[in-house]
Amino acid sequence: MWMLFERGMDTNCIENLVIESFMYQVTYLKLSVTYINTFTQPPAIFGLLNSLIGQDSTGIRSFNLEVNSADFLTQEDKCRKEETSHVFEEVTAILVVGRAESSANAVTCGATFNWAPPTTEYCVEVALHDTFGDGWGDNIALKIWSNDKRFNETYLYNDCSNSSFPQVVCYPSFLQIYFDIVTFEEPALEYWEIYWTVRTLGEKGFEYDL
């Protein structure tokens, strides 16, 4: 896939559509890019490598997506070797498109916005398990989170009172949520007995299994 666009763009439309473009030298080290405008929500990003040094297949990766910034790095695949760090500087073009308040010098672009975030909620049933039914320990939790600040982080703990007891977590259907085991202050002593399962309940009021 490829796309042709002019670098250094800062197009501000009276319809509140904003288009920005950048060109940077990117490696495996995190590059933080601050947008010219502040968007109403994290904008869409399209990135392309304009050069490629070496024989490993390499792509551009974006993360930490915010309304006014994002982070980028290059990453190799694992077809030839396990190492994913791409040490060479690659010329990278980045296109950013999103919604923002129009400025005084805005132009007419003919853009329309017909999409709105869904209002439905999706739910998952989470169960925490351990080998002996005595919990994971006070310093261990299952963290449920999203890179969208509108979704509050949730921490589920497993102790003697709720081992294997399912808990339901619901979130707006337009968000993507993540699960991770986290520890506080010290490492998990019996990490080998930490288990957890997730069952998708689907849209609130309906139920189905993956």
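Ile53 is partly exposed, at a relative accessible area of 40%. Here buried means under 20% relative accessible area, exposed means over 50%, and partly exposed lies in between (1.4 Å probe, protein chains only). Ile53 sits in the loop between strand 4 (44–49) and strand 5 (58–63). Together with Tyr28, Leu29, Val87 and Phe88, Ile53 makes a nonpolar surface patch of about 460 Å². A patch takes residues with over 30% relative accessible area and no salt bridge; nonpolar side chains (Val, Leu, Ile, Met, Phe, Trp, Tyr) are joined within 5 Å, like charges within 9 Å.

This is a predicted model: local features need pLDDT of at least 70, side-chain atom pairs count only at pLDDT 80 or more, and totals for chains, interfaces and linings use all residues. Residues are numbered from 1 along each chain as its sequence is written, and side-chain values use heavy atoms, with hydrogens and water left out.

**Overall fold**

The protein has 13 strands and zero helices. Both are DSSP runs, numbered from the N terminus: strands (E) need at least two residues, helices (H or I) at least four. The pattern along the sequence is β-β-β-β-β-β-β-β-β-β-β-β-β. Of the 210 residues, 33% count as buried. Among contacts with a separation of 6 or more, 72% come from residues 24 or more positions apart. A contact means heavy atoms within 4.5 Å. The accessible surface comes to about 13,200 Å², and 52% of that belongs to carbon and sulfur atoms. Areas come from the Shrake-Rupley method with a 1.4 Å probe; for residues, only the protein chains shown count as cover.

**Salt bridges**

The whole structure holds two salt bridges. The criterion is a side-chain nitrogen of Lys or Arg within 4 Å of a carboxyl oxygen of Asp or Glu. Side chains of opposite charge can pair when their charged atoms come close.

| Salt bridge | Closest N and O atoms |
|---|---|
| Arg199 with Glu125 | 3.2 Å |
| Lys143 with Glu153 | 3.6 Å |

Take Arg199 and Glu125, which form a salt bridge. This pair links distant parts of the chain, with Arg199 in strand 13 and Glu125 in strand 8 (residues 121–129), 74 residues apart. Arg199 is partly exposed at 26% relative accessibility. Glu125 is partly exposed at 22%.

Now take Lys143 and Glu153, which also form a salt bridge. Lys143 lies in strand 9 (residues 140–145), and Glu153 lies in the loop between strand 9 and strand 10 (154–156), 10 residues apart. Lys143 is buried, with a relative accessible area of 18%. Glu153 is partly exposed, at 45%.

**Rings and charges**

Lys143 also lies over the face of Trp145, at 5.4 Å from the ring centre. Arg61 lies over the face of Phe63, at 5.1 Å from the ring centre. For a charge to sit over a ring, NZ of Lys or CZ of Arg must be within 6 Å of the ring centre and within 35 degrees of the ring normal.

There are five aromatic pairs in the structure. Rings of Phe, Tyr and Trp (its six-membered ring) pair if their centres lie within 6.5 Å; planes under 30 degrees apart count as stacked, over 60 as edge-to-face and the rest as tilted.

**Phe184**

Phe184 lies in the loop between strand 12 (178–183) and strand 13 (195–203). Phe184 is partly exposed, with a relative accessible area of 33%. Not counting residues up to four places away in sequence, Phe184 touches Asn139, Ile140, Ala141, Tyr155 and Tyr157. Phe184 and Ala141 are 43 residues apart in sequence, and 8.5 Å apart in space, C-alpha to C-alpha.
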